[in-house]
Amino acid sequence: MPRTPEENERIRQISKEKILMSAMELFMKQGYHATSIDEVAKHADISKGLLYNYFKGKEELLATMVEARIGELVEVMEAAASKKTPAEQLKYIVEGAIDNVRDKPEVFRFYLHLQTQPESDEVLVKYSKMLIEESARQFNLQCEMFEKLGVKEARKRSLYFSSTLQGSMLMISTYPEQFPIEEIKAQIIQEFCG
């Protein structure tokens, strides 16, 4: 019996996800430029032809990853914004960010590394800028949350909040076994949301 269009689409999505995960793993392990399409296909256990059926090349893989990451950032902030109070919104951001890094520390490190690429790297810098621009947009939404909290100098407080959260996320991604994740999460929530 032939497959239905829905089954074909499901198989297609599974293959694309497998390719993207393989590319992510290799980019993190070897670096973007040191990873070849052949290696991605081999790691995904598919043919190079099938990979090219889904993606034009390595840069399209990276672009797809960055677009997905930006989508995740937008989703988190939209979900946070749907909470009733600014304190609940900020708490949602803290919990989501820390839980995400705890669950996927290597992904956090990958995107952090991508954001700090030298401007002379013409391929990577455009994706770095996309991530930085979206982070700046999300930061402005966060500043609005602090303004609604009635905090004096909301932008400075938001910068301090972001610095505290990002620093904690870096420590979690670097030293997950030695970092008291739940205690620090509770402390950040108490300091900024209480």
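Here is a short tour, from the whole chain down to single residues.

Before you click, know that this is a predicted model, where local features need pLDDT of at least 70, side-chain atom pairs count only at pLDDT 80 or more, and totals for chains, interfaces and linings use all residues. Residues are numbered from 1 along each chain as its sequence is written, and side-chain values use heavy atoms, with hydrogens and water left out.

**Stop 1: the whole protein.** Colour by secondary structure and you'll see 9 helices and 0 strands; helices here are DSSP runs of H or I with at least four residues, strands are E runs of at least two, and numbering starts from the N terminus. The C-alpha trace spans about 60 × 45 × 30 Å along its principal axes. Of the 194 residues, 39% are buried, meaning under 20% relative accessible area with a 1.4 Å probe and protein chains only, while exposed means over 50% and partly exposed is in between. Take the contacts (heavy atoms within 4.5 Å) with a separation of 6 or more: residues 24 or more positions apart account for 64% of them.

**Stop 2: α4 against α6.** Select residues 58-81 for α4 and 105-115 for α6; their axes come within 12 Å and cross at roughly 105°. Those axes are lines fitted to C-alpha atoms over the stretch in contact, with angles from 0 to 180 degrees between N-to-C directions. The two helices are therefore roughly perpendicular, a label for 65 to 115 degrees; under 35 is roughly parallel, over 145 roughly antiparallel, and the rest oblique. Now show side chains: α4 brings Leu62, Met65, Val66 and Arg69, and α6 answers with Val107, Phe108, Phe110, Tyr111 and Leu114.

**Stop 3: Gln142.** Jump to helix α7, residues 122-149, and pick out Gln142. Is Gln142 buried or exposed? Its relative accessibility is 7%, so Gln142 counts as buried. Leaving aside neighbours within four places in sequence, Gln142 is in contact with Met77, Leu90, Ser158, Phe161 and Ser162.

**Stop 4: two loop residues.** Select Asp45 in the loop between α2 (37-44) and α3 (48-54). Asp45 isn't a glycine, yet has a positive phi of about 60°. With 63% relative accessibility, Asp45 counts as exposed. Then move to Glu153, in the loop between α7 and α8 (154-174). Glu153 is another residue other than glycine with a positive phi, this one near 50°. At 52% relative accessibility, Glu153 counts as exposed.
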